[in-house]
Amino acid sequence: MSAPRKRLISAKTGERLLAIAGWTVVWLVVAFIILPAVVVGISAFNDRAILSFPPQAWSTRWFARAFSYRDFSEGFRNGLIITAFASSIALVVGAGFAFALDRYSFRGKMALEAVLTSPLVIPHFTIGLGFLILAAQIHATRTFALVIVCHVVLVLPFVMRSVYVSLRNLDSRLELAAASLGARPGRALFTVTLPLLIPGLFSGWLFAAILSFNEFTASLFVTAQATQTLPVAMYNYVREYADPTLAALSVIYIVVTALLLTIANAFLGLGKVLNVEHVR
């Protein structure tokens, strides 16, 4: 066998081994991430009134308790109210900012974008504490309004990202065609641009809703007993009890979130909306 052919076979073997090693690392990381959820999911079916793994006997009574516990039901109701308002407000505000950042050039554009996306890098407990101090300074109580404003700030970057990517993927020739046919800018916006942005708008709203509903760190600072969300109620519960109720509730959380994302991906194609889908 000639030397060039040996080197070619050796190179192919090296690439194959490198690919196998890469996939092995990926699956190990995935397993490391999923393993805690698997342990919690199995522990949720423990018959004993203490969180332990593996279960000695199996039961589903903790799922019934998760649905019947009063603080959880009130936290779920409060979370729905806060999520509905926060995600809807963030959608309108985030879409407006995304449109302005994509279509216009103005002084301070980079600074504005940095400020709007800063919740991605600032710890949430810092934002929650800041809102708590601000509320104390202006003598405001921890009402739904305070929690909603805090959640809007936290989820706004994700809405902006979704809408901004959709705007970048939008074919500008369609808007030009509408303008050439005599459509005014406002009419072109509502008849051409917005309908094409519906997948990005809905996915942005969905991500904002999921993040708002699951937000705990900042909510711990800005909620009171009457406005506590479900994650805060879960935190208060675990300080008093050690049964598998929280494990059962966590399983419900995981299943519902995964179901919502799966449905959204099936109808919207989240990979394309978030600009992570590779074009072959």
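Visitor: What makes Arg70 and Glu74 a salt bridge?
Guide: Their closest N and O atoms are 2.9 Å apart. A salt bridge is a side-chain nitrogen of Lys or Arg within 4 Å of a carboxyl oxygen of Asp or Glu, so the pair qualifies. Both residues lie in helix α3 (residues 70-103), 4 residues apart, about one turn of the helix. Helices here are DSSP runs of H or I with at least four residues, strands are runs of E with at least two, and both are numbered from the N terminus.

Visitor: Where do these values come from?
Guide: The model is predicted: local features need pLDDT of at least 70, side-chain atom pairs count only at pLDDT 80 or more, and totals for chains, interfaces and linings use all residues. Residues are numbered from 1 along each chain as its sequence is written, and side-chain values use heavy atoms, without hydrogens and water.

Visitor: Why is Arg70 called exposed?
Guide: Its relative accessible area is 62%. Exposed means over 50%, buried under 20%, and partly exposed in between (1.4 Å probe, protein chains only), so Arg70 counts as exposed. Glu74, at 23%, is therefore partly exposed.

Visitor: How many salt bridges does the structure hold?
Guide: There are 3. One of them joins the side chains of Asp243 and Arg65, at 4.0 Å from N to O. Asp243 sits in the loop between α10 (230-238) and α11 (245-268), Arg65 in helix α2, so this pair ties together parts 178 residues apart in sequence.

Visitor: Is Asp243 buried or exposed?
Guide: Buried, because its relative accessibility is 11%. Arg65 has 27%, so Arg65 is partly exposed.

Visitor: Which salt bridge involves Asp47?
Guide: Asp47 meets Arg61, with 3.9 Å from N to O. Asp47 is in the loop between α1 and α2 (61-68), and Arg61 is in helix α2, 14 residues away. Asp47 is partly exposed because its value is 31%. Arg61, at 42%, is also partly exposed.

Visitor: What makes the nonpolar surface patch?
Guide: Val25, Val29, Phe32, Ile33, Ile34, Leu35 and Val38 make it, with about 700 Å². Patch residues have over 30% relative accessible area and no salt bridge; nonpolar side chains (Val, Leu, Ile, Met, Phe, Trp, Tyr) are joined within 5 Å, like charges within 9 Å. Phe32 has 67%, so Phe32 is exposed and passes the area cut-off. Phe32 is found in helix α1 (residues 3-43).

Visitor: How many helices and strands does the protein chain have?
Guide: It has 12 helices and 0 strands. Of its 280 residues, 35% count as buried.

Conventions: Areas by Shrake-Rupley, 256 points an atom, 1.4 Å probe, with all protein chains shown as cover.
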